[in-house]
Amino acid sequence: MEALIVLLTLEETAERIRRSPAALRYMIHRGTAPRSALLGGRRFFKEADVNAWVEAAFEKEAS
């Protein structure tokens, strides 16, 4: 059985990381945002990638 891949929109991702959509777009431009892809002309983020990005930020701060 394949694992379900949960996709988040830019707006949903921005809400999860407590940023505005405009701030997340700027982070994408700078290369500091979680990994994302354009699908059908819309930007999506894998929920697992967003969670890993948050965890990495906490690990970086702890070290």
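Figure 1. At 41% relative accessibility, R16 counts as partly exposed. The structure shown is a predicted model. The R16 side chain meets the side chain of E47 in a salt bridge, with 2.8 Å from N to O. R16 belongs to helix α1 and E47 to helix α3, which spans residues 47–62, so the pair ties together parts that are 31 residues apart in sequence. E47 has a relative accessibility of 23% and therefore also counts as partly exposed. Both R16 and E47 are among the contacts of L8.

**Figure 2. R35 and D49 form a salt bridge.** How many salt bridges does the chain have by the rule used here? The count comes to 2. In the R35–D49 bridge, the closest N and O atoms are 3.3 Å apart. This pair links distant parts of the chain. R35 sits in the loop between α2 and β2, while D49 is in helix α3. The two residues are 14 positions apart. R35 is exposed, because its relative accessible area of 58% is over the 50% cut-off.

**Figure 3. Overview of the chain.** The chain contains 3 helices and 3 strands. Along the sequence, they follow the pattern β-α-α-β-β-α. The C-alpha atoms fill a box of roughly 35 × 35 × 20 Å along the principal axes. Of the 63 residues in the chain, 21% are buried. The accessible surface is about 5,000 Å², and carbon and sulfur atoms contribute 54% of that area. Among contacts with a separation of 6 or more, 44% join residues 24 or more positions apart.

**Figure 4. β3 pairs with both β1 and β2.** Strand β3 covers residues 42–46 and pairs with β1 in the antiparallel sense over 3 bridges. Here L8 has F45 as its bridge partner in β3. β2 also pairs with β3 in the antiparallel sense, again over 3 bridges. On that side, L38 stands opposite R43 of β3. The hairpin of β2 and β3 has 2 residues between the strands. In this hairpin, G40 takes a positive phi near 60 degrees.

**Figure 5. L7 and T9 in strand β1.** Strand β1 runs over residues 7–9 and includes L7. Buried or partly exposed: how does each residue count? L7 counts as partly exposed because its relative accessibility is 41%. T9, at 14% relative accessibility, counts as buried because that value is under 20%. Leaving out residues up to four places away in sequence, T9 touches R42, R43, F44 and F45. L7 takes part in a nonpolar surface patch together with I5 and L39. The patch has an area of about 280 Å².

**Figure 6. L8 and the largest nonpolar core.** Which residues make up the largest nonpolar core? The set is L8, L10, A14, I17, L24, M27, A33, F45 and V50, 9 residues in all. Helix α1 (10–16) and helix α2 (21–30) each supply at least two residues of this core. L8 contacts T13, R16, R43, F44, F45, E47 and V50, leaving aside neighbours within four places in sequence. Two of these contacts, F45 and V50, belong to the core with L8. F45 is also the bridge partner of L8 in β3.

**Figure 7. V50 places a buried side of helix α3 in view.** V50 is found in helix α3. Why does V50 count as buried? Its relative accessible area is 2%, and buried means under 20%. V50 touches L8, T13, I17, P34 and F45, not counting residues up to four places away in sequence. The C-alpha atoms of V50 and R18 are separated by 12 Å. Along the chain, V50 and R18 are 32 residues apart.

Conventions. Residues numbered from 1 in each chain as written. Predicted model: local features only at pLDDT ≥ 70, side-chain atom pairs only at ≥ 80, totals over all residues. Heavy atoms only, no water. Patch = residues over 30% accessible without salt bridge, like charges linked within 9 Å, V, L, I, M, F, W, Y side chains within 5 Å. Areas by Shrake-Rupley, 256 points an atom, 1.4 Å probe, with all protein chains shown as cover. Salt bridge = Lys/Arg side-chain N within 4 Å of Asp/Glu carboxyl O. Helix = DSSP H or I, 4+ residues; strand = E, 2+ residues; numbered from the N terminus. Buried < 20%, exposed > 50% of the residue type's maximum accessible area, 1.4 Å probe, protein only. Core = buried A, V, L, I, M, F, W, Y, C linked by side-chain atoms within 4.5 Å. Contact = heavy atoms within 4.5 Å. Pairing = 2+ DSSP bridges.
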